[in-house]
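This report describes how the parts of the structure below are arranged and where they meet. Please view the sequence and the model alongside the text.

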Amino acid sequence: MLKSRRSLLSAIVMGLVAGAVAMPAFAADKKITLGFAQVGAESEWRAANTVSIKEAAKAAGIDLKFSDAQQKQENQIKAIRGYIAQKVDVISFAPVVTTGWDTVLKEAKAAKIPVVLTDRSVDTKDESLYVAMIASDFTEEGRKAGKWLLENYKTPGDVNIVELQGTVGSAPAIERKKGFEEVIKADPRFKITRSQTGDFTRAKGKEVMEAFLKADANINVLYAHNDDMAIGAIQAIEAAGKKPGKDIIVIGVDAVKGAFEAMMAGKMNVSIECNPQLGPQLMEVVKDIVAGKPVPRRIITKEGVFPMETAAKEFPNRKY
Amino acid sequence: MNLQSISKGRLFWPLVALFLMVMVNFWFNPDFFSIKVVNNGLYGSVIDILNRAAPVMLIAMGMTLVIATRGIDISVGATVAISGAIAAALIGGSLEIKDGVQTYVSNTPMSLAILAALGVGLLCGLWNGFLVAGVGMQPIIATLILMVAGRGIAQLITGGQIVTIYYEPFFFFGNGFFLGVPFAIYLVAAVAVVLLLLVHRTALGLFVQAVGLNPTASRFSGISARALIFWVYGFCGVTAAVAGVIIASNVKSADGNNAGLMMELDAILAVALGGTSLDGGRFSLIGTLIGALILQTLSYAIYSLGVPPEINLVVKAIVVFVVCLIQSEALRNMLFQRRTRVEGQA
């Protein structure tokens, strides 16, 4: 019963996978097979992440089986079970949520298939359930934002910072806030005077910033947990008759294309990169695992800081 | 029967709630009523609230009619996303830099793009109307279909990305000012005036009420309930599409994932706060507008008072709960007439 259900599932998943990537199902020689269960396509960032993984797999000659879970954990679990049934060499996925993975990860372990997490972590007591995690360090991104501000804000006097937080309770929101606060604590001039969530969206970022601007005439700096909220807030600042980038310093995180356009127009000061292009790093790790080489458990993606002076030069290279 | 005299009495408590919300804002922010002129437009908290409430007010007006016919439309948020995506996709999603100057390009003429967005909104609404009136599905199930599928459709149109719009004239709908007042407010006013005239000066209001109160009886008295319900859902779809265009214009982009998210609930809440019963029948458009303003004033207070984001929703829930209690006749009777039995249990 269970077996037939599984094989049915795997057939469905295989069908999905075949549709998702145009790649011959039967490779000639013994290629490495990687099963990747993506979260979905919820943002520009995620779309770039998907493209990076697909391209890197192709370049590395790895047979990629890809599935899109449409932001649902049960879909991801189904996809992972499908990969186990297909006996792929390595399974990788970006967990939608942090909990509830133990059962399926134990099944993978029992089938002796190593698991690599990307982008987000899982909450589990058993550390042996996955071999490595490749992800951004959100706290470090917050620290970089804080460092940039301390180094570049020269006007004397108190600095009033307003903060647009990400979705309440999400890891990037919590950690970007923590990292930023950690750094600005060093200089008592810098204070966060207002902080509210903008749900990571342009519309909410704009709406909240409008209210901030009316309630408070002394805003020197805006720190937004992602670029989209910063872009919305920039519109609100302009509507208030102030110059974003000059009257109010604007700091964003992610370094998406829209942020570069704003920086080129002089409306945004800096964007801290949160790199979705972890495909190449993932493929390297997969090869090392299959070759039996030891891999580090926590691999941080390579990320930069882009102040507005570098925007025009960097813009043509941006893929997301 | 004079509809106006009925609504007057029923508007009293929603107005009290709105007044209290405004006073809370004023208490914490003495500049709340100050309005100045910035960039040719009026600029101030009150203007913000009106402008921000515009999309919900529009949708809630459509929702009021739907609810009056004993229906409900939970797909409006998805319709907002679809129409915004269509407008954005048709108008222009690429920035062209010629000799270092950013220029604005529009793929299709703007009027055509907006008509397309509104047309698709109408289709979405009529699809719901067809399922409810034609097929006879329960409204919440019928519109649930589009609520779930609609976001997928919007994602398909935008290719899963946030589509940025680079066409200046389009920004007028959500950002522009006419005689100093945000343009979106005129849109709301226009829809409201037309609707009020239709409802109060023609038999339409009576028909909608009749269908909501007793569909069978209204059919026997010669009202084509099916056609009426079909078009009421269509109208609701159009109001959602107008809201979608305003939102896309306001943030100069379309976000298939987040545009209009949970807006159906705000619209339904606005209708309920405005004193329209979710059982259908009697309805109040003005009450709905006040309801939408109560919600936006509340959000505004949360943003500007420094409520920690973690408890935003709790604060919102408590206020909505209290406003509902204030409006409850049964509760008022209980408080003021000490233990006299409430007749007829509302």
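## The interface between the chains

In this predicted model, chain B places 35 residues in contact with 33 residues of chain A. The size of an interface is often expressed as the accessible area lost when the parts come together. Between chain B and chain A about 2800 Å² is buried, and carbon and sulfur atoms account for 48% of it. Of the area that chain B buries against chain A, 24% is supplied by Tyr43(B), Arg52(B) and Tyr303(B), more than any other three residues provide.

Which pairings cross this interface? Between chain B and chain A there are two salt bridges. Lys214(A) and Asp48(B) meet through their side chains in a salt bridge, with an N to O distance of 2.6 Å.

## The side of chain B that touches chain A

Several elements of chain B give two or more residues to the side that touches chain A. The helices in this group are α2 (45–68), α10 (225–251) and α12 (285–305) of chain B, and the strands are β2 (41–44), β5 (162–164) and β8 (253–255) of chain B. The largest share of this side, six residues, belongs to α12(B).

By residue class, the side of chain B that touches chain A consists of 12 nonpolar, 18 polar and five charged residues.

## The two domains of chain A

Chain A is divided into two domains: domain 1 covers 2–136 + 276–301, and domain 2 covers 138–274. Five residues of domain 1 of chain A are in contact with six residues of domain 2 of chain A. The two domains of chain A bury about 480 Å² between them, with 50% of that area on carbon and sulfur atoms. Glu44(A), Trp45(A) and Ser136(A) contribute 80% of the area that domain 1 of chain A buries against domain 2 of chain A, more than any other three residues.

How many salt bridges does the rule find across the interface of domain 1 and domain 2 of chain A? The number is zero. The side of domain 1 of chain A that touches domain 2 of chain A is made up of two nonpolar, one polar and two charged residues.

## Salt bridges

Side chains of opposite charge can pair when their charged atoms come close. Over all chains, the structure holds 18 salt bridges. One of these joins Arg46(A) to Asp119(A), whose closest N and O atoms are 2.8 Å apart. This pair links distant parts of the chain, as its members lie 73 residues apart. Arg46(A) belongs to helix α2 (residues 44–60) of chain A, whereas Asp119(A) is in the loop between β4 (115–118) and β5 (132–135) of chain A.

## Overall form of each chain

Chain A contains 11 helices and 12 strands. Its radius of gyration is 22 Å, close to the 20 Å that the globule rule gives for 320 residues, so chain A is as compact as a globular protein of that length. The C-alpha trace of chain A spans about 70 × 40 × 35 Å along its principal axes.

Chain B contains 14 helices and eight strands. For chain B the radius of gyration is 21 Å, close to the 20 Å from the globule rule for 346 residues, so chain B is as compact as a globular protein of that length. Along its principal axes, the C-alpha trace of chain B spans about 80 × 55 × 40 Å.

Technical notes:
Residues numbered from 1 in each chain as written. Chains lettered and ligands numbered in written order. Heavy atoms only, no water. Domains from an automatic or database assignment. Contact = heavy atoms within 4.5 Å. Buried area = accessible area lost by both parts, 1.4 Å probe. Salt bridge = Lys/Arg side-chain N within 4 Å of Asp/Glu carboxyl O. Nonpolar A, V, L, I, M, F, W, Y, C, P; charged D, E, K, R; others polar. Helix = DSSP H or I, 4+ residues; strand = E, 2+ residues; numbered from the N terminus. Rg over C-alpha atoms; globule rule 2.2 N^0.38 Å.
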